[in-house]
Amino acid sequence: MNKVTDITALLPEMKTGMDLQNALQILPPYNEKIRNESTAIRLMALSELYNVYVPSAMSTEIYNKLYLALIRSLQKKGTHKAIQQQYENFRRIRQYEYNSIMGGADSFTIIGTSGIGKSSAINRAISLICEKRIIEIDEPYAKIVSCVVVQCPFDASVKGFVLEILRKVDECLDTKYYDKAVKARATTDMLIGSVSQIALNHIGLLVVDEIQNVCNNKNGKHLVGMLTQLINNSGVSICMVGTPECKQFFEQRMQLARRSLGLQYSEMPYNAEFKRLCEIIFEYQYIKNKAAVSDAMIEWLYEHSAGIVSIVVSLMHDAQEIAILQGWEILNMKTFNLAYQQRIELLHEYIQPAIIHTQQTSKPKKKVTAADLDLRDIQEMDETISIEELAAEAKSTNKDILAILKEHITIVEVAV
């Protein structure tokens with residue numbers, strides 16, 4: 001018989017070390033024979049690249065943070081204070097005199113650059129922590145949703161947000177809280193009381209994604225204030241996930257800053273972890289002529305992705321797609337540059353190609369410009385390119401030679 005006092009024992013054992021790394025990692029099955037299949041089959045199989053997940057130090061920290069937050073939240077269920085808070089929440093719904101009993105500061109943030117894998121890391125952690133999506137206890141009988149993930153509304157609407165929480169709970173428990181709230185035309189204040197009661201009884205951990213939507217909206221502070229009320233009235237742990245732009249918002253006032261302490265991440269540095277990621281991704285090749293990963297390719301990927309994992313995967317995917325569609329069937333600097341120039345052009349403004357090398361004694365090489373470009377520079381960047389072939393292509397197609405060169409190498413034009 002499961003009692004509320006033993007609720008934390010129903011969670012899976014906390015993983016650490018290599019056990020955690022192996023559990024988080026996702027490597028879809030890959031068969032070398034796929035490279036000999038038809039173009040259509042290989043293009044469809046190429047999408048498997050997006051399913052690869054290689055855990056990092058960020059993944060481990062997020063797993064630990066979410067697991068411990070869920071433990072703290074569940075430990076409050078069924079306590080004397082929780083029972084008192086149930087009565088107070090009922091008084092709020094009925095708009096009687098109201099007092100907060102639970103209190104607490106169980107909120108934290110996970111802030112990081114867009115595309116570095118925050119959401120993927122959170123989803124992987126939740127899948128391990130919440131093996132049982134619904135936790136059932138017998139004394140007193142209750143169903144608790146281990147983790148509820150909602151998105152912050154684009155307009156930071158408090159009423160829209162609390163209704164979304166009710167809808168998510170209905171999906172998990174097959175209840176009718178959302179329909180009843182809509183039919184009753186409940187006020188925002190009454191809805192906050194209802195959600196607090198439901199969170200106290202049925203929610204373990206609440207994850208709020210896209211929290212940066214509160215930054216540039218007049219309702220932003222009201223929504224964060226509502227989250228503070230929800231913590232005080234239910235004792236549930238709340239994780240707010242967003243991009244760095246929300247840091248300035250939370251730094252404005254002390255009461256906001258203390259609710260947003262947590263984890264912060266930026267782009268991956270150029271280190272062994274990034275190299276390992278590239279080496280694993282390079283194993284998933286669907287072109288007929290498999291290319292060997294080289295240090296030059298890894299450095300190029302870092303320079304043209306700024307250490308953002310999602311861009312690395314996109315470049316690898318699109319370079320192979322171009323090679324297959326064009327019939328080249330090889331992965332080299334030419335296909336990578338085409339993917340960079342044609343497929344992710346909108347991201348160029350946010351990527352500053354730069355790489356931090358280990359200490360060196362020689363002078364750094366100059367960037368290649370249109371003024372000092374020569375045959376030696378081209379051959380160093382891609383041995384498969386011949387200046388004679390490019391000149392012939394420009395003549396036959398009546399194109400500017402500079403435009404053709406840009407498809408193969410990175411060129412910085414300077415005014416003279």
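Modeller: Helices (H or I, at least four residues) and strands (E, at least two) are DSSP runs, numbered from the N terminus. By that count the protein has 18 helices and six strands. This is a predicted model, in which local features need pLDDT of at least 70 and side-chain atom pairs count only at pLDDT 80 or more, while totals for chains, interfaces and linings use all residues. Residues are numbered from 1 along each chain as its sequence is written, and side-chain values use heavy atoms, with hydrogens and water left out.

Biologist: How do you know what confidence the protein has?

Modeller: pLDDT is the predictor's confidence in each residue, from 0 to 100. The mean for the protein is 82, and 80% of its residues reach 70 or more.

Biologist: Where does pLDDT stay under 50?

Modeller: Over residues 354–383. Where pLDDT is low, the predicted coordinates should not be read in detail. For residues 354–383 the model has 38 contacts (heavy atoms within 4.5 Å) beyond four places in sequence.

Biologist: What makes a residue count as buried, and how many of the 416 residues are buried?

Modeller: Buried means under 20% relative accessible area, exposed over 50%, partly exposed in between (1.4 Å probe, protein chains only). Buried residues make up 46% of the 416 residues.

Biologist: Which share of the contacts between residues at least 6 apart in sequence joins residues at least 24 apart?

Modeller: Among those contacts, the share is 77%.
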